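Have the coordinates open as you read.

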Amino acid sequence: IIIYVEVVEMKLSIGVIFGGNSLEHELSILTAVQAMDNIDKERYEVVPIYITKDKEWYTGDMLKDIEVYQDLSLIKRYAKNVVLIKKKGRFILQSQGFFKREVKELDLVFPIVHGTSVEDGVLQGYLKTVGIPFVGSDVLASAISQDKIVQKQVFEVSGLPITDYIWFYDSDYLDDPDTIVKKVKKLGFPVIVKPASLGSSVGIGTAKDEDELREKIEDALNYDTKIVVEEMVKNLTEVNISVLGDYEKQDLSEIEEVMSDNDLLTYEDKYINGNKKGNTKGMLSASRKIPAGITEHQKEEVRSVATKAFRALNSTGNVRIDFLVDKKSKKIYINEVNACPGSLAFYLWEPLNIDYTELLDRMINIAIKDYKRKLKKTYSFDSNILQGFSGLKGTKGLKGLKGSKF
């Protein structure tokens with residue numbers, strides 16, 4: 001008698017988190033829906049987790065459809081309002097309300113988020129507190145990637161080429177704008193003014209004289225408490241490269257040259273131009289040239305600096321690193337690292353015969369490897385040094401807390 005046993009491989013349950021209280025909320029939705037459409041359904045069960053602008057979490061298959069987001073009231077009406085918890089060693093999406101129910105069990109989370117409050121380490125910190133493994137960079141790398149000033153400071157210490165810059169707080173400028181303007185003049189016009197912690201070119205502007213400088217700074221102050229002003233690279237070409245991996249191993253994508261009619265790549269260039277009807281494809285809307293039209297020597301320098309920057313920030317997963325190239329002097333400068341790039345920069349991997357599905361699979365496997373590696377490290381001790389501690393003389397130390405709101 002021959003008995004055939006069919007081995008059924010269980011699918012990993014992947015919670016794709018997107019949205020959030022961010023100026024790049026809609027862009028996160030676009031990137032996440034693209035990714036959910038391309039993930040390998042044979043290997044993974046996709047569980048969409050949408051964070052509204054007022055920070056409520058929702059799940060439901062309807063959230064995979066981009067059309068749903070045209071009327072956000074439908075989501076609150078038909079999707080399930082949930083929270084993420086750890087329960088007896090399992091990671092659960094649990095319903096809100098008086099009767100709490102398990103809605104879905106998750107194995108891993110894939111944050112596909114852009115901007116402050118989500119991409120900047122805040123969400124990653126929450127996921128680490130819960131204990132669930134997740135795709136992408138850890139808390140510190142995510143936080144640094146969101147702060148253009150701290151990034152530059154890390155790049156400086158690492159000996160990587162950057163443009164000259166100054167930075168200041170909003171209070172510095174409001175208290176003494178003339179001193180800030182004097183410092184900027186030493187850089188020399190034209191300059192670029194940026195909010196420190198925003199992405200997608202939101203709030204960024206160029207200034208060719210003092211009047212424009214004050215105007216652009218005041219605009220940037222609407223978005224952030226920290227502002228960075230950089231010298232503008234003459235004869236500018238903007239190129240980007242994606243790095244995939246962890247601190248042990250890094251793979252490099254093809255290099256793109258981003259085309260723009262403006263002094264620098266704008267929000268409109270990235271997400272609107274080429275798609276005036278509003279049915280945007282995220283970063284696919286940008287006009288680009290792949291491979292970039294720079295010299296082989298410059299390409300090698302971009303690859304080398306990108307790898308060093310990735311390791312300096314201790315990045316994980318798939319990031320996009322943007323560069324500025326002076327076409328005349330041939331010098332290259334690293335601009336910034338994007339921890340979760342628009343469209344996950346999948347188009348940079350296609351020339352290397354890595355399609356979007358394979359890229360997502362590699363990102364997930366890197367996350368699993370990273371999680372297993374960290375399980376072998378010691379983060380806390382089983383012993384309790386407070387056991388038997390009598391320094392507070394029983395419960396007398398708690399008396400002062402009675403009636404306190406805290």
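Q: In what order do the four strands of the open sheet run?
A: This is a predicted model, where local features need pLDDT of at least 70, side-chain atom pairs count only at pLDDT 80 or more, and totals for chains, interfaces and linings use all residues. Residues are numbered from 1 along each chain as its sequence is written, and side-chain values use heavy atoms, without hydrogens and water. Strands are DSSP E runs of at least two residues, helices H or I runs of at least four, both numbered from the N terminus; two strands pair if DSSP finds at least two bridges between them. Pairing is antiparallel, and the order is β8-β11-β9-β10.

Q: Which are the edge strands?
A: Each edge strand pairs on one side only. They are β8 (165-169) and β10 (205-207).

Q: Which residue in β11 is the bridge partner of V191?
A: Strand β9 (residues 191-195) pairs with β11 (residues 226-231) in the antiparallel sense, over five bridges. For V191, the bridge partner in β11 is E231.

Q: Which strands does helix α7 touch?
A: Helix α7 (residues 177-187) packs on the sheet. Contact means heavy atoms within 4.5 Å. The strands touched by α7 are β8, β9 and β11.

Q: Is S22 buried or exposed?
A: S22 is found in the loop between β1 (12-19) and α1 (25-38). Buried means under 20% relative accessible area, exposed over 50%, partly exposed in between (1.4 Å probe, protein chains only). S22 has 11% relative accessibility, so S22 counts as buried.

Key
Axes fitted to C-alpha atoms, helices over the stretch in contact; angles between N-to-C directions.
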